[in-house]
Amino acid sequence: MDLTVIWAFIIAFAVFAYVVMDGFDLGIGVLFPAFKVGDERDQAMNSIAPVWDGNETWLVLGGGGLLAAFPLAYAIILPATYPLIIIMLLGLVFRGVAFEFRWRDPDHRAFWDFAFTAGSFAAAFSQGMILGALLQGVEVADRAYAGSWFDWFTPYTLLTGVGTVAGYALLGATWLIWKTEHGAQDMAYRLAKPAAIATLGLMAAVSLYTPFLDGQYWARWFEMPNILFAAQVPLLVLVLTYFLFRGLHKKQEAAPFLISLGLFFLGMAGLGISMFPYIVPDQITIWDAAVPKSSQIFMLVGVAITVPLILVYTGWAYWVFRGKVGTDGYH
Amino acid sequence: MFEQFDAILLARIQFAFTISFHFIFPAFSIGLASYLAVLEGLWLKTGKQVYMDLFKYWIKIFAVTFAMGVVSGIVMSYQFGTNWSVFSDKAGPVIGPLMAYEVLTAFFLEAGFLGVMLFGMNKVGKKLHFTATLMVAIGTFISAFWILSVNSWMQTPTGHLIAANGQFVPGDSWWDIVFNPSFPYRLFHTLMATYLTTAFVVGGVGAWHLLKDKTNPHARKMFSMAMWMAALVAPVQIFAGDLHGLNTLEHQPAKVMAMEGHYDSHPDGAPLILFGIPNSEDKRVDYKIEIPKLSSLILKHDLNAPLDGLDTIPDADEPPVGLVFWSFRIMVGIGFAMLGMGLWSLFARFRKKLYDWNWLHRSAILMGPAGFVAVIAGWITTEVGRQPYTIYGLLRTTDSASPLAAPAVAASLIAFIIVYFFVFGAGTWYIMRLMSKVPQDGEKGVKSTETGPVRTAGIAPGPAQKDPPTFKPNSAE
């Protein structure tokens with residue numbers, strides 16, 4: 001396996017880590033209004049307060065890593081989805097400061113709670129649309145984006161946007177099932193089912209829509225021998241779906257969240273099948289966009305040393321705050 | 001709308017705006033993280049409650065500052081691609097890995113341990129908690145290391161090659177890229193600036209509370225610590241700034257010419273222009289007050305040494321003189337004012353009047369935000385002084401921008417301005433409110449009961465924080 005492929009997997013890993021980790025805390029933001037002011041909301045907020053900052057660092061690694069490993073792709077994708085990126089960033093500003101500000105300013109807590117929800121929704125929706133915009137293809141000429149600044153706005157990207165919001169809501173609801181109790185947990189159970197149905201429905205819709213876009217998606221999914229491998233993904237989705245609904249029905253606590261992570265992993269695998277080896281579909285391959293070998297090696301040394309450490313101390317931080325969040329802190 | 005504007009100018013304003021706002025938070029949080037580590041370390045060592053009280057007082061301010069630093073920092077990691085995509089494509093192979101190292105070695109470290117630092121004191125024991133605080137402090141330092149290496153490489157690029165496709169690619173050694181000529185000076189100068197910024201904020205808050213109550217032990221302690229920092233670091237900083245200037249003279253002479261306002265060459269000794277109004281149209285400084293030959297003495301250590309002026313630089317390669325000239329003077333002026341405060345405090349300390357002289361305290365309050373002004377002014381000096389290049393001498397700013405239409409950049413710029421002033425204005429207000437509270441015995445930590453009844457409060461108030469005396473350094477873990 002060559003270094004460029006390794007780097008493609010590293011970036012994919014960072015994006016996946018971001019999507020599932022910030023996914024659940026953005027999802028909690030999206031679902032926040034459903035929870036009662038006071039105890040329920042405080043539990044929901046407290047369950048992510050110690051970890052959201054680390055979760056969002058994966059987004060910086062995704063962006064920074066893309067610049068570092070595939071600068072050409074970074075230089076094309078960001079201008080191509082410019083308004084979405086700006087909306088996402090501003091959404092993250094609002095919801096990020098809301099964690100602190102809602103405690104500092106009880107008189108305006110309702111406002112910061114709203115900012116938390118609106119910012120989370122804006123970030124989730126625009127992330128989904130960015131993905132859709134990338135999959136539907138962007139115009140490239142002479143190492144640069146050559147389309148106009150609203151090319152990304154299509155029915156397909158709206159679909160991927162809504163799908164991402166639903167998926168994050170599923171992660172958020174199942175996380176809260178795990179971390180909260182009493183009223184908040186009951187509400188999380190109630191929300192998880194529709195979120196799961198919406199997620200799976202939209203996942204199916206996007207999956208069926210994608211092969212009919214311009215591009216080579218049809219061939220990558222439905223022609224021999226790809227189909228033998230690719231077909232495993234939807235099959236596994238069906239299996240996980242069964243266990244997810246069974247878990248929700250039996251009121252399992254941790255399983256629904258872990259299964260939802262599995263669904264996202266399969267979504268990521270599907271994305272990989274659709275895109276590989278392109279990083280800007282049908283325009284730029286990972287090899288076109290890759291930095292020279294010396295840059296790849298220099299960074300790979302850093303990744304090999306730091307990422308295991310990061311996973312260990314991130315895991316430790318989650319471990320410290322394990323268990324039910326409670327109403328007045330961790331016990 | 002906005003079609004008449006130049007998309008590149010708008011993109012430059014946007015970058016300057018977002019990074020200046022962002023820079024304010026790390027300028028404070030780097031220094032404050034170290035201060036918190038010192039406070040917790042002293043508490044562990046001496047067992048004195050005043051240190052833990054101060055730790056808990058400042059950690060609430062740190063939490064708000066850090067949150068704003070994080071969200072404004074995420075914006076920065078995308079600004080390169082949204083508005084400067086050509087620069088990103090060309091410079092990516094060199095600066096990208098350095099920024100990736102920043103994320104891997106600094107951001108994760110800070111974020112990973114921040115949760116424990118803010119909320120975990122009762123969950124992990126005092127030593128692990130101190131470790132978490134140290135990791136956050138070290139993380140802020142490592143972050144500064146990498147990002148200033150990137151910035152320094154853009155100022156004094158070394159160690160790279162230029163590939164056939166126009167990209168800057170690493171040469172034989174990454175060492176030459178990371179430790180480019182201006183990096184050590186810039187790193188030291190910037191870190192000292194963050195420590196001074198924090199010291200003056202802490203000193204200002206201490207002074208504020210001293211004016212109301214000269215006996216408050218917390219206010220006395222923070223004011224004293226801050227004034228020690230001012231007295232010790234301000235002279236070091238002025239010396240470091242001078243070295244940084246000499247380094248700039250060697251590698252970016254045009255920037256120094258703009259800082260000095262030297263439109264003309266001076267073959268036998270250049271004057272130091274204290275004040276004046278740069279007039280770039282006629283290429284002279286109007287109404288100037290100058291000291292003959294002093295500039296040559298400072299920059300060349302020789303009264304009669306010749307110094308080139310901007311007349312030796314083609315017009316198209318000159319930085320804008322007015323902005324650089326003024327921002328440099330603001331920075332230097334504040335630096336000397338800080339030195340003055342430090343010396344004054346030493347004198348007061350010597351006379352045993354440190355906590356008694358109202359005018360010392362009033363001045364310290366006035367100087368409280370001075371560090372931020374100096375940091376931004378210094379940043380403008382170095383960044384505008386690099387113009388008209390993004391990578392000095394090699395890539396022009398006009399050849400770096402994204403292929404975006406002016407309305408797109410203008411719309412996003414307006415959105416950033418509105419959101420930043422609103423959100424960070426609110427954050428600054430909350431910080432000022434926290435600072436206006438008198439530090440107490442048994443100060444509460446982050447998200448404590450002060451915001452409401454215990455049951456609806458945040459995470460921090462575990463048993464120990466509700467009852468601080470149970471958590472002392474010599475109690476069992």
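Author: In the hairpin formed by β3(B) and β4(B), 4 residues lie between the strands, and B:Lys283 there has a positive phi near 55°. Residues are numbered from 1 along each chain as its sequence is written, while chains are lettered from A and ligands numbered from 1 in the order of writing. The model is predicted, so local features need pLDDT of at least 70 and side-chain atom pairs count only at pLDDT 80 or more, whereas totals for chains, interfaces and linings use all residues.

Strand β3 of chain B covers residues 272-279 and strand β4 of chain B covers residues 284-291. The two run antiparallel and are joined by 6 bridges; strands count as paired when DSSP finds at least two bridges between them. Strands here are DSSP runs of E with at least two residues, helices are runs of H or I with at least four, and the numbering starts at the N terminus. Across the pair, B:Leu272 is opposite B:Ile291 in β4(B), and B:Pro278 faces B:Val285 in β4(B).

Another positive phi in a residue other than glycine belongs to A:Asp282, with a value near 60°. A:Asp282 sits in the loop between β3 and β4 (284-285) of chain A. Chain B has a cis bond from B:Gln387 to B:Pro388, with omega near 5°. B:Pro388 belongs to the loop between α13 (370-384) and β5 (389-391) of chain B.

Just after α1(B) comes B:Gly47, whose phi is positive at about 75°.

α1(B) packs on α2(B) at an angle of about 150°, the axes being 7 Å apart. Axes are lines fitted to C-alpha atoms, for helices over the stretch in contact, and angles between N-to-C directions run from 0 to 180 degrees. The pair is therefore roughly antiparallel, given that angles over 145 degrees are classed that way, under 35 as roughly parallel, 65 to 115 as roughly perpendicular and the rest as oblique. The crossing is left-handed, that is, the near helix is turned anticlockwise from the far one by less than a right angle; clockwise would be right-handed. The contact of α1(B) with α2(B) has 25 nonpolar, 11 polar and 1 charged residues. Ala, Val, Leu, Ile, Met, Phe, Trp, Tyr, Cys and Pro count as nonpolar, Asp, Glu, Lys and Arg as charged, and the others, Gly among them, as polar.

α2(B) also packs against chain A: its angle with α5(A) is about 175° and the axes lie 9 Å apart. That makes α5(A) roughly antiparallel to α2(B). Among the residues that meet are A:Leu89, A:Val93 and A:Arg104 in α5(A) and B:Ala67, B:Val71 and B:Tyr78 in α2(B); contact means C-beta atoms, placed from the backbone, within 7 Å. By class this contact has 17 nonpolar, 2 polar and 2 charged residues.

Over the two chains, 67 residues of chain B are in contact with 65 residues of chain A. On the side of chain B that touches chain A, α2 (49-83), α3 (85-119), α4 (121-124), β2 (168-170) and α14 (406-436) each supply at least two residues. α3(B) gives the most, 24 residues. That side divides into 44 nonpolar, 19 polar and 4 charged residues.
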